[in-house]
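Please walk through the structure below, beginning with a ligand site and then turning to a few points along the backbone.

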Amino acid sequence: MTQANSKKFRVKNYGCQMNVYDGERMSEMLVDQGMSGASDGEEADLVVLNTCHIREKAAEKVYSDIGRLRKKDGSSPMIAVAGCVAQAEGKEISRRAPSVNIVVGPQAYHRLPELIDTAKSGKKALDTDMPTASKFDVLPTRKKQARPSAFLTVQEGCDKFCTYCVVPYTRGAEISRPWSDLVDEAKALVDGGVKEITLLGQNVNAWTGEDRKGASQGLDGLIRALDKIGGLERIRYTTSHPNDMTDALINAHGEIPKLMPYLHLPVQSGSNSILKAMNRSHSRDSYLDVLRRVREARPDIALSGDFIVGFPGETEADFEDTLSIIRETEYSQAYSFKYSPRPGTPAATMDNQLSREVMDERLQRLQALLNEQQHDFNKQLVGRKTDILLERVGKLEGQFVGKTPWLTSVHIVAPNLSIGDMVSVDIESAGPNSLAGQLSERIAA
Ligand code: SAH
Ligand code: SF4
Ligand code: F3S
């Protein structure tokens, strides 16, 4: 345990939800060390930049942000670079940005207190180990949560090696956290006021483990165990790989009421030759077949995905295949990106890299189609009654924003409500990104 202090810290997250989770665990650990979170506008003595390396833009942003970190007296706060840029660039970071004091990778952040001590003595502190002992064993137990919806990382790393992707290098090999740790952490979150848990992993549906009786379980088994926790109302999971969608997990969507009707299943491209060059190990048809079976199990399921446009060698016909898989699927919402060559990945040195103009033009067409589908999805909810979990206050007086089971945001204005309430609403109108509704009744206090 390092010396107690009254210093303030701030954690800034970039990248995926797993970074949000890691950021929360780091914050809880710093609080355990006697520090406290800086409020908005308050000066921090320690700034943790929890970085993302997935695309060049995300990775470069951290350097401009470091340049802006100054205290009012002109001095620099203690700066820790955590996350995937830390893992990928290591020592290089303090060479490029000498004001950085600490570099700590995603598998080593439980050692942050010792690294802070090293930095206090004026030395640069670096830890990008991927130790076999899990950081989760030494992190403090979960605290009371500020929000009703929480993340829970159940699986980390990736063994799939898609040719464009840095994750297998920054997060390491696939590991699944043990069953009992996860059930205990979920219970602690619910005891801390949480009503919805989203299970996280770079390939969350590759999670495997043994239950308390020693029987082998997949993600569906873990979800069934969490389903039994009283007070937990909703369960979600993300991000899944098409090849790890087992029959048991697909069927779980039709059988577990707390499992929400929403599936984020990235396909990246609709062209078989591009999927092959990406080393995705699934085809257009095998992906569509998974979706068909998921829809059979849960007809109202909302589907989401990720798309990369402009992968090396992508022809106009390949791109048309991506548009057509989108038309065939009808997504409720989705994420799309221009291909970004990443150092050390096989795709970065492939022939036929596309020009920025071609990528921009294709991304625009793809996003126009996805936006139209998202608006259509929202419109078909108008006139329906549904439950929403209130997650935050809105911009207007007395306004709250909640989420439907399908993960769409709904704005309502109603008196005497609180964040964390589950209420029934009548959906009255739909915009491209959110819905508006009227309270019909309160479901649970
Ligand atoms: N494990 C998940 C996604 C992890 S990364 C999966 O396999 O689906 C999140 C998304 O970022 C990916 O789905 C992909 O669409 C995008 N992405 C990853 N590397 C990229 C790159 N080099 N350029 C552009 N987008 C990329
Ligand atoms: Fe990256 Fe592919 Fe692994 Fe997803 S499955 S994290 S895209 S290598
Ligand atoms: Fe980014 Fe690392 Fe997540 S690269 S997307 S923060 S796993």
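Which residues are around ligand 3? In this predicted model, the residues around ligand 3 are Cys16, Asn19, Thr51, Cys52, His53, Ile54, Cys84, Arg171 and Gln202.

The backbone comes next. Most residues other than glycine have a negative phi, and most peptide bonds are trans. Against that background, the peptide bond from threonine 238 to threonine 239 is cis, with omega near 0°. Threonine 239 has its place in the loop between strand 13 (234-238) and helix 9 (247-255).

For asparagine 279, which is found in the loop between helix 10 (272-277) and helix 11 (284-297), phi is near 60°, a positive value in a residue other than glycine. Asparagine 416 likewise has a positive phi, near 60°, and is found in the loop between strand 19 (409-413) and strand 20 (422-430).

How exposed to solvent probe contact is each of them, buried, partly exposed or exposed? With a relative accessibility of 36%, asparagine 279 counts as partly exposed, because that class lies between the cut-offs of 20% and 50%. Asparagine 416 has a relative accessible area of 69% and is therefore exposed, the cut-off being over 50%.

Conventions
Residues are numbered from 1 along each chain as its sequence is written. Chains are lettered from A and ligands numbered from 1 in the order in which they are written. This is a predicted model: local features need pLDDT of at least 70, side-chain atom pairs count only at pLDDT 80 or more; totals for chains, interfaces and linings use all residues. Side-chain values use heavy atoms; hydrogens and water are left out. A residue is near a molecule or strand if one of its heavy atoms lies within 4 Å of it. Helices (H or I, at least four residues) and strands (E, at least two) are DSSP runs, numbered from the N terminus. Buried means under 20% relative accessible area, exposed over 50%, partly exposed in between (1.4 Å probe, protein chains only).
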